[in-house]
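Subject: A structure for you to look at

Hi there,

Here is the structure I promised to pass on. Please have a look at it first, and then read on for my notes.

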Amino acid sequence: MKKLLHTAAVFAALLSAPAWAQTASVKVEGAWARASVQGQKATGAFMRLTAKDGARLVRAESPAAGLAEVHEMKMEGDIMKMRAVPTLDLPAGKTVELKPGGYHIMLLDLKAPLAKDSAVPITLVFQDAKGVESKLNLTLPVGTAAPGGATAGSMMDGHKH
């Protein structure tokens, strides 16, 4: 129990202090990844991104997955479609939310299940207006819902690669 309380305190500290990428000046808040179960090969990571001077999220990487991609989910007619996007624009001063049912980081070909109350490393790669890339290394808490939020519906239902 003591270890669980310590882990919870560490995650709370990580989430309360926004992370900033060095070059692109991108603030990351509320980051988390959805827990997976044995045999599940994909899951999502979610967060809010705010670029001080504007930037683009050009890719994501994680040693926990064979592939990490920026994805978009949107309705086309009455069908929800998901697809990888090459970049995600982060307009200056505007918060872009990566959330279930919208933009998110898709972790594909998971090397092991992501257990609830563990953590997963993810690197976000940004590009500023001059084309200069910067990396931001994050450690995301793994859970079944956003930290401090209500349980979100599973965005993995019916998603296959």
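Before the notes, one term: a residue is called buried under 20% relative accessible area, exposed over 50%, and partly exposed in between, with a 1.4 Å probe and only protein chains counted. This is a predicted model, in which local features need pLDDT of at least 70 and side-chain atom pairs count only at pLDDT 80 or more, while totals for chains, interfaces and linings use all residues. Residues are numbered from 1 along each chain as its sequence is written, and side-chain values use heavy atoms, with hydrogens and water left out.

Overall picture

In sequence order the pattern is α-β-β-β-β-β-β-β-β-β-β-β. Of the 161 residues, 41% are buried. The accessible surface is about 8700 Å², and carbon and sulfur atoms account for 55% of it; the areas come from the Shrake-Rupley method with a 1.4 Å probe. If we take contacts (heavy atoms within 4.5 Å) between residues at least 6 apart in sequence, 69% of them join residues at least 24 apart.

The core

A nonpolar core here is a set of buried Ala, Val, Leu, Ile, Met, Phe, Trp, Tyr and Cys residues joined through side-chain atoms within 4.5 Å. The largest one has 33 residues, and those with the most contacts inside it are Met47, Leu49, Leu57, Ile105, Leu124 and Leu140. Which residues does Leu140 touch, leaving aside its neighbours within four places in sequence? Its contacts are Ala31, Trp32, Ala33, Ala45, Met47, Ser118, Ala119, Val120 and Ile122.

Strand E9

Strand E9 (residues 104-110) has 6 of its 7 residues buried, so it is largely enclosed by the rest of the structure. Two strands count as paired if DSSP finds at least two bridges between them. E9 pairs with strand E3 (residues 42-51) in the antiparallel sense over 4 bridges, and Gly44 has Met106 in E9 as its bridge partner. Strand E5 (residues 65-76) is also antiparallel to E9, over 6 bridges, with His71 opposite His104.

Salt bridges

Side chains of opposite charge can pair when their charged atoms come close. The structure holds 6 salt bridges, each defined as a side-chain nitrogen of Lys or Arg within 4 Å of a carboxyl oxygen of Asp or Glu.

- Arg59 and Glu133 have their closest N and O atoms 3.5 Å apart. The pair links distant parts of the chain, 74 residues apart, with Arg59 in strand E4 (residues 55-61) and Glu133 in strand E11 (residues 133-143). Arg59 is partly exposed at 33% relative accessibility, and Glu133 is partly exposed at 40%.
- Lys27 and Glu29 meet at 4.0 Å, N to O. Lys27 is partly exposed with a relative accessible area of 22%, and Glu29 is partly exposed with 23%.
- Glu76 and Lys81 meet at 3.8 Å, N to O. Glu76 is partly exposed at 39%, and Lys81 is partly exposed at 40%.

Salt bridges that share partners also join Arg59, Glu61, Glu133 and Lys135 into one network.

Best wishes

Notes: Helices (H or I, at least four residues) and strands (E, at least two) are DSSP runs, numbered from the N terminus.
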